[in-house]
Every structure is written in structure tokens, then in C-alpha cells.
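Welcome to this short tour. Open your viewer, get the model on screen, and follow along one selection at a time.

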Amino acid sequence: MAVNQQAYQNIIHQINQQATLVAVSKIKPATDILELYQLGQKDFGENYVQELVDKYNQLPKDIQWHFIGHLQSNKVKYIAPFVYLIHGVDSLKLLQEINKQALKNNRTIHCLLQVHIAQEETKFGFDKNELLQINWAEIAALKGVEIGGLMGMASFTEDSTIVRNEFKLLKSIFNELQVIQPSIQILSMGMSGDYEIAIEEGSNMVRIGSLLFGSRS
Ligand SMILES: *Cc1c(COP(=O)(O)O)cnc(C)c1O
């Protein structure tokens, strides 16, 4: 059995009602996705554009595809016809391109702004000050996109205090922005190694791969 069905049931039970599970299926075959789909899972996350397009073409059309990787502007057009939620929007330039491609497809594409909360410089995203300076009227004029919330990744560390503090920071930014911009409803934080902490700190969407599908290495 390719999918860890026991882990799936445990996670569903643990996040019960509070959070949506996005099953991260990058690098895993379509057969693994189908196996989880048949257990009732509808939300899947992918990191690579070509892989996502291939899987979209092969798999049931009621799957909700989340793009969770780093998205390059020149590739938005390939996923714009069908993507359900783009988690990693890290620049207004990218948002404008998503808007343009959404309008071409007569769609509104829901997006999450990525927030840089980790210590690692390599991670992408806005910082708190940049988010507080966003001109929301300008974004509201982009009819092809809707900012549904925020996404963040904690530092890759064994130190759960660091992880917890980073999630606390993201939750506080989320609360602050929600007052300014009520469309901000989704808080996407938590992966295989840290989703329990993320849930405790107020996550309502977790992105879990290796616990469900096994390690990718
Ligand atoms: C790969 C990935 C995940 C899932 O990671 P696991 O540790 O396998 O659960 C979640 N979020 C993002 C952005 C990813 O790239």
C-alpha cells in the first residue's frame, strides 16, 4: 500500500473541523493520489507546474488543486485554467500576472500571500511591514484575484520553541490583517513535522506530504 491510510485517519481526526488538509503529492504518482481520493480526500498540493498540469489531466476533475511551490510569472498561464488556490504569492508582480491569466480564463483565482517567518534567508515571502503597507484598494481593482489569506513555513529545526514562536508571529499578523482586509480567512501553516504545533497556534489549513505518502528522497 503506497498511502499510509492510518496516518490519514489520524490526521483527519486530529485536525477535526479546525483545519483543511491539503495532501501534498509532489513527486508521487497519480495512483497514490487516486488511493487517497478514494478515501474521500479532495484537496491536493503540488509544487511543480508541469507535474501539476500532467496530474490534472489524468485525475478526476473534482480534485481541488493547490499550488504550494514557488511560482514563476511565466508559468502562471499553464495552471490558471484550473488551479483552486495558489499558496505562495510572494510579490505583487506575480499577483498581477495571476490576475491577467485569471481574466483570460474568466475566473477569479484565490491566492494566499506568503509570509517570511523563518530564520532561513532562502525562504520566500513578504515580511510584516510589507504586508501592512499593501494598498488593498489597488488589489481590489484586480478582479481576477482574491486574497483569501496567508501562508507561511517555519524554520527547519528540531527546536519546537522556535517553530511555535514563528507560527505565533504568523497568527498575529493574520489577526492584524484580517481587521484591515476581511477577505483574509485562510491561515495555511503546518507540514508533516510541525502541523500539531501549527494547529495549536491557530492554523486552519495544513499541507502534509511525507506523513501520508512516505518520504520523497
Ligand atoms: C513539500 C511541501 C510541504 C509538505 O511537506 P512534508 O514535510 O512532506 O509534509 C508543505 N508545504 C510546502 C510549501 C512544501 O513545499
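How many helices and strands make up the secondary structure of the chain? Colour by secondary structure and look for 10 helices and eight strands; helices (H or I, at least four residues) and strands (E, at least two) are DSSP runs, numbered from the N terminus.

Before you go on, note that this is a predicted model, where local features need pLDDT of at least 70, side-chain atom pairs count only at pLDDT 80 or more, and totals for chains, interfaces and linings use all residues. Residues are numbered from 1 along each chain as its sequence is written, and side-chain values use heavy atoms, leaving out hydrogens and water.

Now show the C-alpha trace of the whole chain. Along its principal axes, the trace spans about 50 × 45 × 30 Å.

Of the 217 residues, 50% count as buried, meaning under 20% relative accessible area, while exposed means over 50% and partly exposed lies in between (1.4 Å probe, protein chains only).

Time to zoom in: select Q17. You will find Q17 in the loop between α1 (5-15) and β1 (20-24). Q17 counts as exposed because its relative accessibility is 75%. Check its backbone too: Q17 is not a glycine, yet its phi is positive, about 70°. Most residues other than glycine have a negative phi.

For the last stop, select N106 in the loop between α5 (92-104) and β5 (109-115). N106 also has a positive phi, near 55°, and is a residue other than glycine. With a relative accessible area of 74%, N106 is exposed.
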